Amino acid sequence: MIVDTAREIADEKILPRRAELDEKNEFPTDILQDMARADLFGIFVPEQYGGFGGGCFEIVLALEQLARGCVGVATSYAASALGIFPVLIAGSESMKEKYMPDIAAGRKWAAFGLTEANAGSDASGVQTTAVLDGDEWVLNGTKQWITNGGESQIYSIVAITDPSKGARGASIFIVEDGDPGFSYGKKENKMGIRASATRELIMNDCRIPRDRLVGRQGTGFITVMKTLDVSRPGIASLGVGLAQAALDEAVTYAKQRIQFGKPIISFQAVQHMLADMAIQLEAARALVYAAARHIDNNPRNMSKASSMCKVFATDMAMKVTTDAVQVLGGYGYMKEYPVEKMMRDAKILQIYEGTNQIQRNVVGQELNREYTI
Ligand code: COS
């Protein structure tokens with residue numbers, strides 16, 4: 001049901017608009033509202049808060065189909081899930097009751113505020129501060145490249161509450177659109193995923209109520225790591241959906257394009273490219289599904305599976321989209337065919353939610369931990 005619903009949204013709502021959204025750098029508010037009406041935002045929300053109680057596997061299924069339509073649109077959906085995971089993972093019961101029903105219904109969207117000018121791969125290098133003043137926290141700092149910035153109503157913000165404690169001095173807070181001292185920077189002009197909105201979040205003596213602290217003070221870094229463990233398979237599945245779309249375009253074109261008197265799919269050079277694309281895609285899909293199931297069944301042991309599938313599927317997507325452009329040749333390089341956009345969209349998958357170099361670090365560290373000699 002999830003696959004059918006997400007596929008229908010991709011085919012009927014996203015595909016007809018993707019070129020225009022890309023060209024205009026336009027946020028797809030109306031399409032996200034269509035997704036809300038189709039109940040897609042409730043997939044991962046527990047039933048007691050109005051959702052369907054799905055897990056990582058269900059999100060992966062939905063994102064794969066949405067990404068077949070447009071990774072920019074699918075990213076806006078994925079970033080909302082990422083932004084609310086800290087509440088699901090570490091938030092109090094009253095915090096969940098306050099935020100989750102609106103998220104499940106798609107009435108409100110979320111965003112995740114970790115990255116700063118000097119804190120990207122080094123997630124513990126955050127410089128935004130939060131200081132308790134009476135019954136309010138006062139936040140100061142600027143978050144950079146925040147997906148859904150300016151479009152969402154709920155923001156998970158990572159800030160330092162005790163600078164002497166390193167990673168153990170970070171905490172997460174919920175900042176809401178309209179909070180005093182909270183504003184947005186200009187919308188970024190990006191290479192790909194241009195339908196998604198990327199902005200700075202600026203906190204200038206931003207005052208929020210004391211109960212907006214997510215979980216216990218000082219546990220922010222661990223919650224960030226757990227959040228990314230759950231969300232990275234979603235990025236992997238964007239790679240799978242995107243690569244499927246690119247393969248579909250490449251095969252269709254290769255069957256129609258006549259050179260030397262034959263469709264180019266009849267040439268072994270082209271056939272082998274298409275075969276390698278299909279093989280890599282199926283391998284990635286199988287790994288992403290297996291990792292998502294593993295994460296749903298092993299919430300204490302997620303990191304290696306999560307990082308492995310993120311690396312494999314997003315490197316695959318970069319390769320498959322690049323090869324799709326190659327199969328289409330000069331036409332592939334032109335904007336009238338969708339594969340050049342797919343190649344531009346693929347690049348970010350190797351970068352955001354932790355670069356693929358960081359993912360390899362995580363896998364390596366886990367191997368080091370697992371093998372005792
Ligand atoms: N789950 C639970 N706890 C975790 C964890 C995880 N997945 N990963 C690390 N931790 C814990 C460690 O056990 C450690 O705890 P102690 O202080 O009790 O020892 C603590 O967190 C610090 O861990 P570590 O020393 O490994 O942290 P590092 O600073 O070396 O960072 C990486 C580790 C590089 C993996 C982390 O910073 C990271 O994921 N960076 C990428 C961030 C990112 O994705 N940025 C993109 C923007 S977000 S869209």
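1. A quick definition to start: two strands pair if DSSP finds at least two bridges between them, and helices (H or I, at least four residues) and strands (E, at least two) are DSSP runs, numbered from the N terminus. On those terms, β2 (residues 129-133) and β3 (residues 136-147) form an antiparallel pair with five bridges. Ala-130 faces Leu-139 of β3 across this pairing. Two residues lie between the strands of the hairpin, and Gly-134 has a positive phi there, near 65 degrees.

2. Before going further, please keep in mind that this is a predicted model, in which local features need pLDDT of at least 70 and side-chain atom pairs count only at pLDDT 80 or more, while totals for chains, interfaces and linings use all residues. Residues are numbered from 1 along each chain as its sequence is written, and side-chain values use heavy atoms, with hydrogens and water left out.

3. Have a look at Gly-125 too, which sits in the loop between β1 (110-113) and β2. Leaving aside residues up to four places away in sequence, Gly-125 touches Asn-118 and Ala-119 (contact means heavy atoms within 4.5 Å). Its C-alpha atom is 8.1 Å from that of Gly-166, a residue 41 positions away along the chain.

4. Now the domains, whose bounds come from an automatic or database domain assignment: domain 1 covers 2-109, domain 2 covers 111-218 and domain 3 covers 221-370. Taken over C-alpha atoms, the centres of domain 1 and domain 2 are 21 Å apart.

5. Between domain 1 and domain 2, about 2,200 Å² is buried, 60% of it from carbon and sulfur atoms. Buried area here is the accessible area (1.4 Å probe) that two parts lose on being put together, summed over both. On the domain 1 side, Asn-25, Phe-27 and Trp-109 lose the most area to domain 2, together 28% of what that side buries. In residue terms, 30 from domain 1 are in contact with 25 from domain 2.

6. Two salt bridges are counted between domain 1 and domain 2, the term meaning a side-chain nitrogen of Lys or Arg within 4 Å of a carboxyl oxygen of Asp or Glu. Arg-194 forms a salt bridge with Asp-22, with 4.0 Å between the closest N and O atoms.

7. Which elements give two or more residues to the side of domain 1 that touches domain 2? They are α2 (18-24), α5 (71-90) and α6 (93-105), and α5 gives the most, with 13 residues.
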